[in-house]
Structures are given as C-alpha cells and as structure tokens.
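Me: Please go through the helix packing and the confidence of the structure below.

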Amino acid sequence: MKIIAVIGAGTMGNGIAHTFAQSGFAVKLIDVSEKSLDKGMATIFANLDRMVAKGTITEEEKFKTINNIITYTDIKDGVVGVDLVVEAATENVELKLNIFKQLNEVCSHNTIFATNTSSISITQIAAVVAHPERVIGMHFMNPVPIMKLVEIIRGYNTSDEVTKIIMALAQKLGKTPVEVNDYPGFVANRILMPMINEAIETLYNKVAGAYEIDTVMKLGMGHPMGPLQLADFIGIDVCLAILNVMYDGFKNPKYAPCPLLVNMVRAGKLGVKSGEGFYDYGESKKAEKVAKQFSNKN
C-alpha cells in the first residue's frame with residue numbers, strides 16, 4: 001500500500017493522516033469543508049512543531065510529512081488511485097453509511113475500506129458496499145500520533161486476507177494492532193464507556209465533585225487521566241453516541257446513558273472542543289495546559 005485516503009479532517013482524521021504521512025505514505029485528506037481541512041492541517045503543523053521541539057523528529061522529517069498530504073473537498077477526486085480509504089467522520093451511522101455508499105460507486109473493487117468507528121457495526125457498514133469482505137475497522141486511539149493501540153475489527157464478512165493486510169499495515173505505522181470481533185463497543189469502549197458513564201452517575205448523584213472523582217481514579221486506580229476529564233477529551237457527544245449504540249445493540253440497561261450526560265450534550269457542553277464539559281477550559285486554554293494542571297495538582 002502506498003496511497004491512503006482519509007475521510008474527515010477532525011480530531012481523529014487529521015491524526016490518522018498525520019500518522020500515515022509521517023510513516024512515508026502519500027495521504028489524501030478529504031473533508032467537505034475547506035475550513036475543516038485548514039483547521040486539520042493547522043493541527044498537524046502544530047503537532048509536528050511540538051515533536052520537533054521535543055527532538056522526536058527533525059525539521060526535514062516535519063516537512064516531508066506535510067508534503068505527503070494533499071487535501072480535497074470532493075470524495076470522488078480524493079479517492080482516485082488509492083489503495084486504502086480510512087473513514088474518520090462523525091460517529092453517526094447514517095453519515096457513515098452514506099459515505100460508504102459513495103465509496104462503493106467511485107472506488108475500484110480492489111480498494112480496501114476501513115472505518116475508524118468506535119462502536120458502529122462493521123457488518124452494518126459493509127452491507128452497503130459490493131464485496132463486503134474488504135471492509136474492516138481500524139479504531140485508532142486519541143491522540144493518534146502518540147497512542148500505540150489500534151483495534152482491528154473484523155466484520156461478519158471481512159476476509160482473512162484483508163485482516164492480515166491491515167494488521168501488517170498498522171505495524172508499519174509503529175502501532176500495536178489487536179484483532180477483535182464485531183460487537184457493539186468492540187473491546188475498548190465496551191469496557192471504557194460504562195466506567196465513564198458510572199463516573200457521570202456518581203457526579204449526578206452528588207457523591208463527589210468532578211475533580212474528586214477523577215483524583216480517586218488517578219491516584220487510587222493508577223489511571224493517567226480521570227474518567228470525567230477523559231470524557232471531555234473524547235467529546236461528551238461522542239461518549240453519548242457510543243453509549244446509545246451499545247444500549248441499542250445489547251438492550252441492556254447498564255449501557256443506558258446517564259441523564260446528566262444527555263443534558264450536557266443538549267446544552268452544548270461537549271468537553272474540550274466546546275471549551276466546557278465537566279471542566280471549564282476557556283477559550284484561551286489549550287487541552288495540554290489543562291492536562292498539565294491536573295498532573296501538577298496530583
């Protein structure tokens with residue numbers, strides 16, 4: 001594989017594009033919004049500058065990475081000649097199905113389709129394309145350039161050959177791929193989201209404040225980040241979407257989202273990206289500064 005298309009220039013999409021480009025792949029970053037593409041590229045620049053400052057990469061490697069990325073606002077133009085498409089759009093099943101229907105029309109049957117979904121069924125997504133055996137999940141963790149894990153999710157029809165190719169590809173990116181099967185939440189979020197939801201319930205029931213809950217989990221359980229702070233970094237709306245998928249999939253009340261979580265999304269308090277979630281980040285603050293503040297307190 002040499003040419004990769006990444007659909008979606010948001011937090012996950014630009015991180016995936018960055019990671020592939022830094023590993024020497026030609027990357028076509030696609031988003032319907034020119035503004036989102038500009039913001040995504042600005043994020044990649046900033047992250048590369050940070051890596052240069054830390055001595056992780058050289059200036060030459062930074063510019064090679066940037067030069068490996070071309071942006072597009074049209075899917076049809078962006079996927080010409082690609083070996084793999086990685087979809088990293090918003091966690092919305094209808095949006096994802098629509099994207100894969102478009103890909104089915106404009107890509108060759110040899111193109112492998114991957115989705116970065118954190119909870120939506122790979123089998124359901126694959127059902128809207130010809131040759132569903134080429135559809136697979138690549139669930140990267142945030143921040144993508146740093147986190148080592150990639151969940152490789154096999155749909156019901158995903159072939160052994162495609163699985164082997166994507167497992168090997170993840171290793172070329174310097175990641176550790178873990179193969180899992182297609183059930184709601186997969187492994188990572190099936191375990192993580194109920195914990196986050198329970199932390200929100202604990203706050204909702206006024207057992208303790210957000211900082212106190214996170215401190216207990218960090219100092220008592222050895223977590224690098226408390227569950228409420230982590231929810232802010234993931235996105236409160238994303239947490240709600242994942243829990244809804246799991247609740248719908250399992251029909252089990254233990255996956256039902258806490259009312260506080262639902263109300264926060266309705267109120268637009270989505271975490272770091274909106275400037276306020278369980279903590280107030282303010283317009284002038286960066287997520288890294290907040291994380292450092294918590295680290296210093298503990």
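Me: What is the handedness of the crossing in which α8 passes α9?
Reply: This is a predicted model, in which local features need pLDDT of at least 70 and side-chain atom pairs count only at pLDDT 80 or more, while totals for chains, interfaces and linings use all residues. Residues are numbered from 1 along each chain as its sequence is written, and side-chain values use heavy atoms, with hydrogens and water left out. A crossing is left-handed if the near helix is turned anticlockwise from the far one by less than a right angle, and right-handed if clockwise. The crossing of α8 with α9 is right-handed.

Me: How is α2 oriented relative to α3?
Reply: Helix α2 (residues 34–54) and helix α3 (residues 59–67) have axes that come within 9 Å and cross at roughly 160 degrees. The angle therefore makes α2, relative to α3, roughly antiparallel.

Me: What is the mean pLDDT of the protein chain?
Reply: pLDDT is the predictor's confidence in each residue, from 0 to 100. In the protein chain, 95% of residues reach 70 or more, and the mean pLDDT is 94.

Notes. Axes are lines fitted to C-alpha atoms, for helices over the stretch in contact, and angles run from 0 to 180 degrees between N-to-C directions. Helices (H or I, at least four residues) and strands (E, at least two) are DSSP runs, numbered from the N terminus. Angles under 35 degrees count as roughly parallel, over 145 as roughly antiparallel, 65 to 115 as roughly perpendicular and the rest as oblique.
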